[in-house]
Amino acid sequence: MGNIAMALERELAAYEANLETLKAQEGKFVLIKGDDVIDVFTSYEDAIKEGYQKFGLEPFLVRQIRALEQVHFITRFIEPRPVEATA
Amino acid sequence: MLNAMVVVSAPRQAWLTQAKQPTPAAVKIRALVDTGASGTCIDPAVMAQLGLTPTNVAPMLTPTTGATPVLVEQFDVGLVIPGSSAKHAPLAFPTIPVMASALFAAQGFHALIGRDILRHCILNYNGDFGYFSLGY
């Protein structure tokens, strides 16, 4: 992820640091708060639900575990809003 | 093009209700069905109206990014596409991840409905008559 200053930076760093271990559960959804991996869930909705229940409106990360990160392709002429712009 | 409504995700709404905080009103949008979009994208202004903060980031490639993916914010939202009449149930996603991308309003829409949603539907495009139908 580089050294981009952005929201969820600590959580993304924690994801990268734990990816080797998390790979065993590829396809599932991990919930991360700060530097801590909280839990892994079968569904996106369950992970989000646990995130709000534990942390309310504080920042938390929910990310699908993938050995190779999936890039989204959009063929339409649009302007993605880079995360740096909102840090 | 279709009408849709974006709301806070079901888990966020549940937390807001439990915390006795107001739930932001649904935002009505115009959305473009786009088989060329791997994921659903919504204008950041919609997320701002709902008071959302990102819960992930995702790499995205578009004609404006060149060959290097750009990291964009991803939000958990609820999305409702009304049925064609009152008799038909809406297509509702209580909690889905969507990506923030701008410049939609200038093109007459606020969102791209991508294949992450279309994979739950049957899309028929009738070019002769100039219409499409979305079955679910």
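In strand 4 of chain B, M60(B) is the bridge partner of H72(A). The model described here is predicted.

## The contact between chain A and chain B

How many residues does the contact take from chain B and from chain A? Chain B contributes 48 residues and chain A contributes 33 residues. The size of an interface is often given as the accessible area lost when the parts come together. Between chain B and chain A, that buried area is about 3600 Å², and carbon and sulfur atoms give 63% of it. Of the area that chain B buries against chain A, 15% is supplied by W15(B), T55(B) and L71(B), more than by any other three residues.

Which charged or polar links join the two chains? The count of salt bridges between chain B and chain A is 0, whereas 15 residue pairs are in polar contact, both residues of each pair being at pLDDT 80 or more. On the side of chain B that touches chain A, at least two residues each come from helix 1 (10-18), strand 4 (56-61), strand 5 (70-81) and strand 6 (91-102) of chain B. Strand 6 of chain B gives the most to this side, with 8 residues. Sorted by class, the side of chain B that touches chain A holds 30 nonpolar, 14 polar and 4 charged residues.

## Salt bridges within chain A

Side chains of opposite charge can pair when their charged atoms come close. Over all chains, the structure holds 5 salt bridges. One of them joins the side chains of R10(A) and D35(A), with a distance of 3.1 Å from N to O. This pair links distant parts of the chain: R10(A) lies in helix 1 (residues 9-22) of chain A, and D35(A) lies in the loop between strand 1 (29-33) and strand 2 (36-41) of chain A, 25 residues apart. D35(A) is partly exposed, because its relative accessible area is 49%.

A salt bridge also joins the side chains of E58(A) and K33(A), at 3.2 Å from N to O. Here too, distant parts of the chain are linked: E58(A) is in the loop between helix 2 (44-55) and strand 3 (61-64) of chain A, while K33(A) is in strand 1 of chain A, 25 residues apart. E58(A) has a relative accessibility of 45% and therefore counts as partly exposed. K33(A) is buried, because its relative accessible area is 19% and the limit for buried is under 20%.

E69(A) and R63(A) form a further salt bridge, in which the closest N and O atoms are 2.1 Å apart.

Strand 8 (residues 122-126) and strand 9 (residues 131-135) of chain B run antiparallel and are joined by 5 bridges. Within this pairing, I122(B) has G135(B) in strand 9 of chain B as its bridge partner. The hairpin of these two strands has 4 residues between the strands, and G130(B) takes a positive phi near 70°.

A111(B) is placed in strand 7 (residues 111-113) of chain B. With a relative accessible area of 1%, A111(B) is buried. The C-alpha atoms of A111(B) and D34(B) are separated by 9.6 Å, although the two residues are 77 residues apart along the chain.

How values were computed
Residues numbered from 1 in each chain as written. Chains lettered and ligands numbered in written order. Heavy atoms only, no water. Contact = heavy atoms within 4.5 Å. Buried area = accessible area lost by both parts, 1.4 Å probe. Salt bridge = Lys/Arg side-chain N within 4 Å of Asp/Glu carboxyl O. Polar contact = N/O pair within 3.5 Å; in protein donor to acceptor, adjacent residues only side chain to side chain. Nonpolar A, V, L, I, M, F, W, Y, C, P; charged D, E, K, R; others polar. Pairing = 2+ DSSP bridges. Buried < 20%, exposed > 50% of the residue type's maximum accessible area, 1.4 Å probe, protein only.
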